[in-house]
Amino acid sequence: MNGADGLEGRVAIVTGGARGIGEAIVRTLVARGAKVVVADMGVAVDGSDPDPSLAQEAAGKLGGGAVAYTEDMGIPKAAAGAVALAVEKFGGLDIIVNNAAIQRDAFLFKGNTDHWDAVVRTNLSAAYYLLAAATPVLRENAAAKRGASEGGTYGWGRIVNIVSTAAFYGNYGQAPYASAKAGLVGLTRIAALDMARVGVTSNRPTRRRRSTRSACSRPRRATSAISSPICARRSPPRSAASSSACAGAR
Ligand SMILES: NC(=O)c1ccc[n+]([C@@H]2O[C@H](COP(=O)([O-])OP(=O)(O)OC[C@H]3O[C@@H](n4cnc5c(N)ncnc54)[C@H](O)[C@@H]3O)[C@@H](O)[C@H]2O)c1
């Protein structure tokens, strides 16, 4: 178990894993021997028109390596359901990738509080809900030395939150999106601190810009944040630049 990069036999939940960057992360994890819950409700960029067939098809292409979960991850009980599915279907949970996001851009002076609430709920609160549901399992892993070699310690568990440079530099008309991503940076640091003592790292790969949904699928940085524990767990990096480098991001 665990292979050269530590992924063989691990179990992951990847939100927004049915397309784009999330799908590429899912495919990479499965190719390296992990099992994945593809938690994706199949919505449009603004969060409308859910389509469960998207995740079902994405997971179906990966045979036994993945299973679809099509609830709205912005609802707390959906997070608990995803964790339960990972444990029931694949026997545990080691990796959380908070990747799902929506966008509802508008200049502040044309803003809409419903749009703010929807984006913050999906892009930030959903990540908190999932970590709140998953971290007790990750802590139990450490106590049980899940996946550790004979006599070894666990020392393994990964939290990866996909952020955006909009969190650091802003972007015109992206008040809810950039604010939610900035909150996700803070949540990543807290997860690193709270989970350090049980050997779970927390990183936040950063993409430079938000482009069209299908134009980019570059899982390398996100995947390397899972397979190499390069971040100092007890001392999360202080600057955006050093943190990006630490997470294997630009
Ligand atoms: N694409 C870029 O250039 C870029 C740039 C910066 C940051 N990012 C970040 O990378 C991540 C992936 O981007 P992408 O372009 O691949 O996204 P995408 O829009 O192609 O896919 C996002 C997926 O999330 C799912 N989703 C949305 N809300 C959900 C919810 N409540 N519950 C379950 N699933 C939900 C959608 O159904 C969709 O399949 C996002 O966090 C995004 O903010 C992307």
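Over residues 214-219, where pLDDT stays under 50, how many contacts beyond four places in sequence does the model have? A few friendly points on this and the rest of the fold follow.

1. The answer is 12 contacts for residues 214-219. Where pLDDT is low, the predicted coordinates should not be read in detail.

2. Please keep in mind that this is a predicted model. The protein chain has an average pLDDT of 86, with 80% of the residues scoring at least 70.

3. The six strands of the open sheet pair in parallel, in the order 3-2-1-4-5-7. Strand 3 (66-69) and strand 7 (201-203) are at the edges with a single partner strand each, so one side of each has no neighbour in the sheet. On average, neighbouring strands are turned by 15 degrees against each other, direction ignored.

4. Within this sheet, strand 1 (residues 11-15) and strand 4 (residues 95-98) run parallel and are joined by three bridges. Ile 13 is the residue opposite Ile 96 in strand 4.

5. Helix 2 (residues 53-60) lies across strand 2 (35-39) and strand 3, at about 175 degrees to strand 3. Helix 6 (residues 175-195) lies across strand 5 (158-161) and strand 7, at about 170 degrees to strand 7.

6. Helix 4 (residues 113-144) has 32 residues, which at 1.5 Å a residue should span 46 Å; the end C-alpha atoms are 45 Å apart, in agreement. Do look at Arg 121, where helix 4 bends by about 45 degrees. After helix 4 comes Lys 145, with a positive phi near 55 degrees.

Notes: Residues numbered from 1 in each chain as written. Predicted model: local features only at pLDDT ≥ 70, side-chain atom pairs only at ≥ 80, totals over all residues. Helix = DSSP H or I, 4+ residues; strand = E, 2+ residues; numbered from the N terminus. Expected span 1.5 Å × (residues − 1). Bend = angle between axes of the 7 residues up to and from the residue. pLDDT = per-residue confidence, 0-100. Contact = placed C-beta atoms within 7 Å. Pairing = 2+ DSSP bridges. Axes fitted to C-alpha atoms, helices over the stretch in contact; angles between N-to-C directions.
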